[in-house]
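Colleague: Could you go through the charged pairs with me, slowly please?
Modeller: Gladly; have the picture open while we talk.

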Amino acid sequence: MLSMTQFAKEESDDFAAIGQNPPDDSHLATSASAPPREGYATGNDAQRPVIRASNVDFFYGNAQALFDVSMDVPRNRVVALIGPSGCGKSTFLRCLNRMTDLIDGVRVNGSIQLDGEEINRPDLDVIELRRRVGMIFQRYNPFPKSIFENVVYGLRISGVRDRRALEEACERSLRGAALWDEVKDRLKESAFELSGGQQQRLCIARATAVNPEVVLMDEPCSALDPRSTARIEKLIGELRNKYTIVIVTHNMQQASRVSDFTGFLYEGRLVEFGVTQTLFTKPIEKETEDYITGRFG
């Protein structure tokens with residue numbers, strides 16, 4: 001196979017749930033025309049995919065947006081999804097924590113498993129899923145609350161009331177988002193007082209405060225200046241030590257800098273998936289080569 005808390009209902013429309021070097025995985029590079037494979041070596045949790053998508057089709061009403069997408073997302077790695085606008089990258093990303101449930105008239109076929117558990121089961125606790133699989137959106141979206149309350153919001157919704165525990169989680173998450181030193185004396189101030197880059201890092205702190213397994217990032221740097229983008233990219237490299245990250249990006253240079261694996265999607269299909277360095281230097285498919293060399297897209 002090609003081997004990838006909604007906290008409060010009133011805010012879920014805009015927000016839901018909320019470097020180590022890769023091994024020599026060059027043998028994992030594959031394409032849509034390659035024979036299926038059964039994943040990573042058994043007996044070692046660190047090598048099993050945290051997310052396994054199998055033959056995923058997705059429909060907006062009668063319009064099909066994804067066609068037979070299969071992908072394994074390795075644990076504690078960064079996976080980038082690239083491809084031209086409208087190719088299905090963000091749709092696939094939102095399937096991974098069922099953000100697509102918020103859209104009327106959609107339908108998904110196939111299987112998406114998180115640690116071996118099917119996430120599209122009708123009886124699945126979607127709030128818990130979105131705690132385990134957090135989302136960072138393209139446009140930073142802090143809540144109209146203080147910096148402190150933004151970070152601990154998910155913990156409060158989960159029932160944490162102990163002030164010391166909340167303070168410790170706030171500091172830990174802000175440190176993890178490389179923001180603590182900049183805001184430690186401003187925790188009671190509105191999150192809207194922060195710069196754009198700081199607000200995006202605050203959203204990362206908010207997502208990681210609930211200790212997710214996976215962090216999804218939908219073009220997290222597209223609204224940021226180059227300096228803030230560089231800080232977010234550095235942060236992604238640090239966060240892979242604790243989380244699995246799946247990032248959608250239009251910036252192929254960014255994908256090559258931050259990711260361990262890259263998947264190229266085109267017209268709703270996963271054309272090729274493999275180790276980033278290999279995919280960018282020795283792609284299997286001509287469509288991949290044409291896209292990364294700028295012949296289209």
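Colleague: Is Arg 201 buried or exposed?
Modeller: Arg 201 counts as buried, at 5% relative accessibility, where buried means under 20% relative accessible area, exposed over 50% and partly exposed in between, with a 1.4 Å probe and protein chains only. Please keep in mind that this is a predicted model, in which local features need pLDDT of at least 70 and side-chain atom pairs count only at pLDDT 80 or more, while totals for chains, interfaces and linings use all residues. Residues are numbered from 1 along each chain as its sequence is written, and side-chain values use heavy atoms, leaving out hydrogens and water.

Colleague: And which side chain does Arg 201 meet in a salt bridge?
Modeller: That of Glu 182, at 2.9 Å from N to O; a salt bridge is a side-chain nitrogen of Lys or Arg within 4 Å of a carboxyl oxygen of Asp or Glu. The pair links distant parts of the chain, since Arg 201 is in helix H6 and Glu 182 in helix H5, 19 residues apart; helices are DSSP runs of H or I with at least four residues, numbered from the N terminus. Glu 182 is partly exposed, at 26%.

Colleague: How many salt bridges are there in the whole structure?
Modeller: A search finds 21.

Colleague: What about Glu 233, which partner does that one have?
Modeller: Glu 233 meets Arg 257 at 2.7 Å, N to O, and because Glu 233 lies in helix H7 and Arg 257 in helix H8, the pair ties together parts 24 residues apart in sequence. Glu 233 is buried, at 12% relative accessibility.

Key
Helix = DSSP H or I, 4+ residues; strand = E, 2+ residues; numbered from the N terminus.
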